[in-house]
Protein chains: 2
Amino acid sequence: MPSAGKRGGRLAVGLISGTSLDGIDAALVRISGQAGRPRVDLLAFHTFPYPARLRRQLLQLAGGEAVSTAALSEINFRLGALFGRAVERLCRRQRVKLSSLHCIGSHGQTVFHQGRPSGGRKGPRHPASTLQLGEPSLIAARCGVTTVADFRPTDMGLGGQGAPLVPLVDYLLFAHARLGTVALNIGGIANITVIPRGGRQEDVVGFDTGPGNMVIDALVRRHTRGKQNFDRNGRIASHGFVIPQVLKKCLSHSFLRLRPPKSAGREQFGADFVGKILRAGASHRSQDLIATATELTVVTIVEALKRFVLPRTPVDRLIVSGGGAHNRHLMRRLGEMLPGTRLQQSHEFGIPEDAKEAIAFALLAERTLKGLPGNLPAVTGATRPAILGKVIYASRY
Amino acid sequence: MPSAGKRGGRLAVGLISGTSLDGIDAALVRISGQAGRPRVDLLAFHTFPYPARLRRQLLQLAGGEAVSTAALSEINFRLGALFGRAVERLCRRQRVKLSSLHCIGSHGQTVFHQGRPSGGRKGPRHPASTLQLGEPSLIAARCGVTTVADFRPTDMGLGGQGAPLVPLVDYLLFAHARLGTVALNIGGIANITVIPRGGRQEDVVGFDTGPGNMVIDALVRRHTRGKQNFDRNGRIASHGFVIPQVLKKCLSHSFLRLRPPKSAGREQFGADFVGKILRAGASHRSQDLIATATELTVVTIVEALKRFVLPRTPVDRLIVSGGGAHNRHLMRRLGEMLPGTRLQQSHEFGIPEDAKEAIAFALLAERTLKGLPGNLPAVTGATRPAILGKVIYASRY
């Protein structure tokens, strides 16, 4: 049997650091097959935590604190070097030579994202813009590997929101001739990609359904006085009871009635929203509030499917990824509320729940180098498909 | 005779905004001939001034004022849109269709550049880094033209200072089999590219000689209470007398004794340096100080040639570009002090003095798309040649 390193296909590394600012997710994959139906094998995945001092700086930046261009320039270069080192370390563990990599796709670290213009009327008007740090030239130089980065601005240049970008990858990985598929990612926010049976790329729809883990995590941190960041296995929620009047109040949020495409963030379900839950449920036990927040995530996902998806296309299976896929209580409730739908986790398809985004950017980088578009205009709102990202060619002289 | 638009070669636009933060220099060129000996025809050149409010914001940024990532992200996108509009306007004037452009090279607007690591010993250590704004994805999207941008970080990823990058372009434009050539650019700082007779690319040397117009301009602004930003035609200097003791004091600056490669900036010849001149020459007339500053520029250029260039290679001609090339008094003094050297202006070679940098980035972009390196390691200090910049592929679906 040929060794892993000698099989066909192209090796690529995908890099992303999420909004939790914990560290760098790095996925080493082998991509083979046709561009329209790639086969992706995950060879290694690891999260490289940020040094504590850098993480504090990033939290300040993302929180809106002002910095000098000197400081920002420095952080951008430091991050780029760290991203490059993450690739080196991942490949060394796996005994994969850097020179055998076809490409690196780096999403970078988002420190600002505004998908649509804001303001106007009375206040100043702000154009849509996005800012990812982690200088990719340093990744390419350090590793000697052609690197694609900054995927979002290209879509935004064509009027898109620059997000979400994973739906095309969901389509490439999960499209099925006879099974209507929904890829559900439960991160801080929950989002779905709808891939109709035998669907063509143009029929794919993607949008945020509402809170994912964001509200649950905030309540857990409060409940445990910061000792736990999330409800491991959904244990806390499974010992609580849903508070109907609090759930009802949460479900009246205007975001939930908006028609897709739509996207949510901390503006909708961050600290302000959690504060409202705490006030509405002031007389209740913490585990009841956590059970309620978990039910909120479940119900908003199910309602989004019932209102906006099922009337248009049958859904045979739901493939779940993101941290929420590990929450057994949440997954059980989801299954109970969708009895006709096969509930699967993405690792059953070779895509570990936490690795999907990093894998996605390896695949998007490979598409860019093939000259293929990486956005879905129906999902992002761009006027047309675009070859995403900026390419830094490795110099091997 | 075929019209200009129908001749051979590739059309490209080069974009740069200099440290003076006045606006965007845009050059439309036709590049033909071999990669190692390109012919460049300038079809149009224009400077598009920044809106006053944006210029103020940029001055604040470049001056070290802190901003939120939201504000920086917004300025980056606004600038990118303006760079794209500059291309549109330049091409419209010239009746060149955007779809006929092969590429755009955009240097962007530098808001921070530190070519070497600093600090250490007692204080915190700062890595080398650089930050250019003007989101190039927006240029590519707006114009539908493949765009190369962010040239400096690639070189810095390989240990280089990311500057200067023009020497390779000087070499491509001015190398001569029988004439030892020095390309002299007199911007804020003066720098030279030395191209020995029949020289190979590896023999090219480039470095900063000292102040260019920076000190002169500062004194002129003071002398005219801000009514003039520079000494037009060198008229003020031509009515003054050099003050020997002030000139001598200036010439004792330690930068001038450093061996090349070396680079200077406001840290060496900015406000502090001007303050010293004003104190040393307190009893003298303004025009004498301006004459002295002009003489300082001339003498430091000549001394650099005599100390570091002429002992190694003969110089048959000096090709001058940059704003200082328009200073007749300065040019006359330069000619007087270098009697054996042919003094020429770059426009005699089809490169207007003010357009050279913008032209350079059109040419560097075209090289990147050919997969050719754009830096000279002997000049920047990089460990090896690199394909410079980040490529955003235009999507034409």
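Q: Let's say two strands pair if DSSP finds at least two bridges between them. With that in mind, what is the strand order of the open sheet in chain B?
A: The order is β11-β10-β9-β12-β13 (chain B), 5 strands with mixed pairing. Strands here are DSSP runs of E of at least two residues, helices are runs of H or I of at least four, and both are numbered from the N terminus.

Q: Before we go on, what kind of model is this?
A: A predicted model, where local features need pLDDT of at least 70, side-chain atom pairs count only at pLDDT 80 or more, and totals for chains, interfaces and linings use all residues. Residues are numbered from 1 along each chain as its sequence is written, while chains are lettered from A and ligands numbered from 1 in the order in which they are written.

Q: Thanks! Back to the sheet: which strands stand at the edges?
A: β11 (205-211) and β13 (342-345) of chain B do; each has a single partner strand, so one side of each lacks a neighbour in the sheet. From one strand to the next, the twist averages 25 degrees.

Q: How do β9 and β12 of chain B run?
A: They run parallel: 5 bridges join β9 (residues 181-186) to β12 (residues 317-321) in chain B. B:V182, for instance, has B:L318 as its bridge partner in β12(B).

Q: And which helix packs on that sheet?
A: Helix α5 (residues 166-174) of chain B, which touches β9, β10 (189-195), β11 and β12 of chain B. Its direction makes about 50 degrees with that of β10(B). Axes are lines fitted to C-alpha atoms, for helices over the stretch in contact, and angles run from 0 to 180 degrees between N-to-C directions.

Q: Switching topic: how many residues of chain B are in contact with chain A?
A: 43 residues of chain B are in contact with 43 residues of chain A, where contact means C-beta atoms, placed from the backbone, within 7 Å.

Q: Which element of chain B gives the most there?
A: α2(B), with 8 residues on the side that touches chain A. By class, that side of chain B has 23 nonpolar, 13 polar and 7 charged residues. Nonpolar covers Ala, Val, Leu, Ile, Met, Phe, Trp, Tyr, Cys and Pro, charged covers Asp, Glu, Lys and Arg, and the others, Gly among them, are polar.

Q: What are the scores like?
A: The model has ipTM 0.92 and pTM 0.92. Chain A averages a pLDDT of 93, with 98% of the residues at 70 or above; pLDDT is the predictor's confidence in each residue, from 0 to 100. Over residues 1-6 of chain A it is below 50.

Q: Is β5 of chain A buried or exposed?
A: Mostly covered: 5 of the 5 residues in β5 (residues 129-133) of chain A are buried, meaning 20 or more other C-beta atoms, placed from the backbone, lie within 10 Å of a residue's own. A:S129, A:L131 and A:L133 are on one side, and A:T130 and A:Q132 are on the other.

Q: Which strand is joined to β5(A) by 5 bridges?
A: β4 (residues 101-114) of chain A, running antiparallel to β5(A). A:T110 has A:Q132 as its bridge partner.

Q: Last one: what joins β2(A) to β3(A)?
A: A hairpin, through 2 residues. 12 bridges link β2 (residues 23-34) and β3 (residues 37-49) of chain A, which run antiparallel, and A:I31 has A:V40 as its bridge partner in β3(A).

Note on methods
Two residues are in contact if their C-beta atoms, placed from the backbone, lie within 7 Å. A residue is buried if 20 or more other C-beta atoms lie within 10 Å of its own, exposed if 12 or fewer, and partly exposed in between; C-beta atoms are placed from the backbone.
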